[in-house]
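Here are some notes to read with the model open. Please follow the points in order and check each one on screen.

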Amino acid sequence: MVMQGAGTGIEAQVASIVDGMKGMEGPLLPILHEVQEEFGYVPHEALPVIARGLNLSRAEVYGVVSFYHDYRKEPAGRHVLKVCQAESCQSMGSDDVAARLRQALGIDFHQTTPDGRVTLEPVYCLGLCACSPAAMLDGEVIGRIDADRIDEIVAEVRA
């Protein structure tokens, strides 16, 4: 059965995703992943469509979206820079790395530069503890970040 009442383009696309995946075992997370893959974030107007399609409350869907840090509520920048904040990286200077990146980019964690080029996010372990401090730029891990590497990263995301 196809869901009814999907008015906007976003709602119609989300309804199609839900209809195609709601028969899965535990479909909420895969649906949210697919919605984010489609739009680059989970639009607010998607939540009631997903809730209705899965017979959940909007609060339940919102709770999952807000609990998992990788689900975005707004579109990310063209580049996504994640800086590890786990204990190993902190002990090797990730707080300083993060501070320098925030200053160089003019944004804080969970923000995107005004030109939409880069989103800066904390992450709590990239599995690169032996190469701390670490970061991830557009899915590529970077280890042993120092001042020179910070300059290279900033130049790359501004290019």
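1. Start with α3 and helix α4 (residues 58–67). Their axes come within 8 Å and cross at roughly 120°. This is a predicted model. The crossing of α3 past α4 is right-handed.

2. Now the side chains of that pair. From α3 come Leu-47, Pro-48, Ile-50 and Ala-51, and they meet Arg-58, Val-61, Tyr-62 and Val-65 of α4. By class, this contact of α3 with α4 holds seven nonpolar residues, no polar ones and one charged.

3. Next, turn to helix α2 (residues 28–39) and helix α3 (residues 46–54). They pack at an angle of about 150°, and their axes are 12 Å apart. That angle makes α2 roughly antiparallel to α3. Here too the crossing is described as right-handed, with α2 passing α3.

4. Which residues make the contact between α2 and α3? On α2 they are Leu-28, Ile-31, Leu-32 and Val-35; on α3 they are Ala-46, Ile-50 and Leu-54. The contact of α2 with α3 divides into seven nonpolar residues, no polar and no charged. Take another look at Ile-50: this residue of α3 is listed in the contact with α2 and also meets α4.

5. Step back to the whole chain. The protein is divided into domain 1 (6–67) and domain 2 (79–158). The C-alpha centres of domain 1 and domain 2 lie 30 Å apart.

6. Now the annotated cysteines. An unreviewed UniProt entry places the feature "binding site" at Cys-84, Cys-89, Cys-125 and Cys-129. These positions span 46 residues in sequence, yet no two of their C-alpha atoms are more than 9.5 Å apart, so they gather at one spot. One of them, Cys-84, sits in strand β1 (residues 79–84).

7. Two backbone details deserve a check. Most residues other than glycine have a negative phi, and most peptide bonds are trans. His-110 is not a glycine, yet has a positive phi of about 70°. His-110 lies in the loop between α6 (94–105) and β2 (111–112).

8. The second detail is a peptide bond. From Ser-132 to Pro-133 the bond is cis, with omega near -10°. Where is Pro-133 found? Pro-133 is in the loop between β3 (118–123) and β4 (135–137).

Note on methods:
Residues numbered from 1 in each chain as written. Predicted model: local features only at pLDDT ≥ 70, side-chain atom pairs only at ≥ 80, totals over all residues. Heavy atoms only, no water. Axes fitted to C-alpha atoms, helices over the stretch in contact; angles between N-to-C directions. Helix = DSSP H or I, 4+ residues; strand = E, 2+ residues; numbered from the N terminus. Parallel < 35°, antiparallel > 145°, perpendicular 65-115°, else oblique. Left-handed = near helix turned anticlockwise from the far one by under 90°. Contact = heavy atoms within 4.5 Å. Nonpolar A, V, L, I, M, F, W, Y, C, P; charged D, E, K, R; others polar. Domains from an automatic or database assignment. UniProt positions renumbered as here; feature names shortened; annotations may be inferred.
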